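This report walks through one protein model for a reader who has not seen it before.

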Amino acid sequence: MLRSQFEEQLRELHQQLLTMGIMVEEAVHKSVKSLVHKDIRLAEAVISGDKMINDAEITIEKACFSLIALQQPVSSDLRRIAMTLKVATDLERMGDHAVSIAKATIQLKDEIYAKPLVDIPLMAGLVQKMLRDTLDAYIEMNKEEAIVISKRDDEIDAYFKQIFLDLIELMKSDKASISQSSHLLLVAQYLERIGDYTTNICEWIVYMASGKMIELNN
């Protein structure tokens, strides 16, 4: 394979990963929106749309393995391919969490919320912005920006802790809310995990830019 062809395939791989990232961000947005508004159609769209995210991961994996098989990549190219594989896996897991949030919508469709959903949408907004900015940092391969973005995970963790405490108090005071609160607690946990996976992507950006794998925001 000519070097020019190899570079072109790497660019295509880069674009496929970005497209997958945009799909995941949209899935997270729609899943939380469906929960807040009890929009069952939107929740079902998130669930059915997960196949596209899964298919995107498979396509990216096949392209990565094909590049490795057809040309022995130099170290910097191998880092790019390894990063792409890892990021695609993290994005696929985020998509799974979006599906889980959508399923919570369906589980809670006939219930009246014991209290208005305020913190979960705010937490979700932070998660979505963090993912969006991480994708921008990936486009520019901006190591410094990735490090800054990763620190936002502390805010997401703080929201999760507050939601956890609030829901525990609600369950103590209102036994009838236990089932609903348990679902909402899981939703908050899914969002917290999406933040963690986004931090992972920031770590891969740093790895690609520097050749060093470091743990961020620990």
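## A loop residue with positive phi

Lysine 38 sits in the loop that joins H1 and H2. Helices here are DSSP runs of H or I with at least four residues, strands are runs of E with at least two, and both are numbered from the N terminus. The model is a predicted one, in which local features need pLDDT of at least 70, side-chain atom pairs count only at pLDDT 80 or more, and totals for chains, interfaces and linings use all residues. Residues are numbered from 1 along each chain as its sequence is written, and side-chain values use heavy atoms, with hydrogens and water left out.

The phi angle of lysine 38 is near 50°, a positive value in a residue that is not glycine. Most residues other than glycine have a negative phi. Lysine 38 has a relative accessible area of 26%, so it is partly exposed. The classes are buried for under 20% relative accessible area, exposed for over 50%, and partly exposed in between, with a 1.4 Å probe and protein chains only.

## Two other loop positions

Methionine 141 also has a positive phi, of about 50°, and is not a glycine. This methionine is placed in the loop between H4 and H5. Its relative accessibility is 26%, so methionine 141 counts as partly exposed.

Aspartate 110 belongs to the loop between H3 and H4. With 69% relative accessibility, aspartate 110 is classed as exposed.

## The overall fold

The protein chain has seven helices and zero strands. Its radius of gyration is 19 Å, close to the 17 Å that the globule rule gives for 218 residues, so the chain is as compact as a globular protein of that length. This radius is taken over C-alpha atoms, and the rule is 2.2 Å times the number of residues to the power 0.38. Along the principal axes, the C-alpha trace spans about 65 × 35 × 20 Å.

Of the contacts in the protein chain with a separation of 6 or more, 83% are between residues 24 or more positions apart. A contact means heavy atoms within 4.5 Å.

## The nonpolar core

Buried residues account for 44% of the 218 residues. In soluble globular proteins, nonpolar side chains tend to be buried together. The largest nonpolar core has 63 residues, and Leu35, Leu91, Met94 and Leu191 touch the most other members. Such a core is a set of buried Ala, Val, Leu, Ile, Met, Phe, Trp, Tyr and Cys residues joined through side-chain atoms within 4.5 Å. H7 gives the most to this core, with 15 residues.

Leaving aside neighbours within four places in sequence, methionine 94 is in contact with Val24, Leu131, Ile194, Tyr197, Thr198 and Ile201.

## A buried serine

Serine 31 is part of helix H1. Its relative accessibility is 0%, so serine 31 counts as buried. Not counting residues up to four places away in sequence, serine 31 touches Val46, Ala98, Ile101, Ala102 and Thr105.
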